[in-house]
Amino acid sequence: MKALEGVKVLDFTHVQSGPTCTQLLAWFGADVIKVERPGVGDATRKQLVDVPGADSLYFTMLNHNKRSIELNSKNETGKAVLTRMIEECDIMVENFAPGALDRMGFSWERIQEINPKMILASIKGFGPGKYEDCKVYENVAQCAGGSASTTGFRDGPPMVTGAQIGDSGTGLHLCLGIVTALYQREKSGRGQKVSAAMQDGVLNLTRVKLRDQQRLAAGPLNEYSQFGEGVPFGEATPRAGNDSGGGQPGRILKCKGWETDPDAYTYFITQAAVWKNVCDVIGKPEWKEAPGYATPPERLDKLNEIFEAAEEWTKTKTKFEVMDICNPLNIPVGPILSTKELMEDEGLRATGTIVDVEHPVRGTYVTVGCPIKLSDSPVDVERSPLLGEHTIEVLRDVLGYDGDALAEVIASGAVGEPNKAAAE
Ligand code: COA
């Protein structure tokens, strides 16, 4: 049995943010029915194609364990089918541009009329306010949510991160809102609207930088490298390069092989509690008790010197050797793992976080499995659906269309050409 078994999801999402959310719901056992435009589908099916004729990895990696139905929601019969779906489903998730669902004729008020128990979950770029009508993509959200202004080096421009905190991050936020609303519905008997704005999601993940913004009023941020370097602070939280956010000095340092391997680096934290171990490891035992080095405040203006010494040592070791040596000494370090190394990581494969998936058109591909493990609800990652693969099945089994009614839907053109043959 899966945690969300019996829960039906009308998945009206596309691209990345919404599909991330519904993929999680599918992994937790919900029946996720993805509604796609006939003959077109989610735009990502055809984006960044690597195998001609096959759904792209962009699509396959975000749409596992779902069913796909082709349905034109602007066609009158299509609207009737969608209305039936709203009657049958528990949750409807969408991340269309602002106003698109209303323009289709499915406002929140209308959806409540059709099914008062429905949980409607929406992702938009911005919440209510002056930008509410904007279309928003990942990097826009990272920039508008405070991540870009606090990422990068002080003397460089703002920077976006590789982790898709705007899209996938907001999908995660939305998913939590949905299961919370589902829990409340158990008691109230009513559905509700769940909204997650990408700007808000990014800002939530950038929370500690707003902590620092307020601390600036009390004086400079001592733990930032720029403090030790004597560089004055401005009005806003600055970019802090690879400084660690928790107050313990940390940097990314070169390891053996860095000249040719762009990922031969380690993160290295000079944790105060293990300062003596750090000194021993990096070959500077004299710093343990030396005036100017012995306590964290004394060291703040010497961090460049200290990390240069640490790097002289890390350059003699591979990033994995650094880990092996430092871990038993409680010195926090972390290898910079490349995407290739992660894909091949035996530990991640053993836990199902990295999995191989078979696909009938593209063959075997690798994906990131469910990162959240439930002991009573294990996840089996199943390939993403082909466009409209389950149209007839859903019309028949979920919505109860049969005989003439089914023929009528197909003849109306609401569900796409290939279904005609499939229905016969
Ligand atoms: N049948 C008929 N029409 C359909 C349909 C279906 N099954 N599915 C979608 N459409 C229509 C929509 O109704 C809309 O029509 P309209 O413009 O006449 O109202 C149209 O397709 C395009 O939808 P839209 O969401 O505007 O797509 P877009 O490609 O122009 O914009 C985004 C893409 C991502 C920028 C936009 O959807 C958005 O801002 N979403 C919210 C924020 C978000 O999630 N961003 C990150 C995505 S990873």
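**Pockets and ligand surroundings**

The model is predicted, with pLDDT of at least 70 needed for local features and 80 or more for side-chain atom pairs, whereas totals for chains, interfaces and linings use all residues. Residues are numbered from 1 along each chain as its sequence is written, and side-chain values use heavy atoms, without hydrogens and water.

At least two lining residues of the largest pocket come from each of α1 (17–27), α2 (57–60), α7 (167–188), α9 (207–215), α15 (339–343) and β11 (363–368). Helices (H or I, at least four residues) and strands (E, at least two) are DSSP runs, numbered from the N terminus. The lining comprises 22 nonpolar, 20 polar and five charged residues.

The second largest pocket holds about 860 Å³ of space. Its lining has 35 residues, with H14, R37, N95, F96 and A97 closest to the centre. By class, 16 of the lining residues are nonpolar, 10 polar and nine charged.

The ligand sits in the second largest pocket, the criterion being that more than half of its atoms lie within 2 Å of the grid points. Around the ligand are 23 residues, of which K74, A97, R103, K135 and V136 come nearest (a heavy atom within 4 Å). Helix α4 (residues 100–104) gives the largest share of this shell, three residues.

Polar contacts are pairs of N or O atoms within 3.5 Å. A polar side-chain atom of K74 is 2.7 Å from a ligand oxygen atom. A backbone N or O atom of L71 lies 2.8 Å from a ligand nitrogen atom, and a polar backbone atom of F96 is 3.4 Å from a nitrogen atom of the ligand.

Note on methods: Polar contact = N/O pair within 3.5 Å; in protein donor to acceptor, adjacent residues only side chain to side chain. 1 Å grid on protein atoms, 1.4 Å probe; cavity = no way out; pocket = protein on both sides within 12 Å on 5 of 7 lines; lining within 4 Å. Nonpolar A, V, L, I, M, F, W, Y, C, P; charged D, E, K, R; others polar. Points joined across faces, edges and corners; volume = space filled by probe spheres on them.
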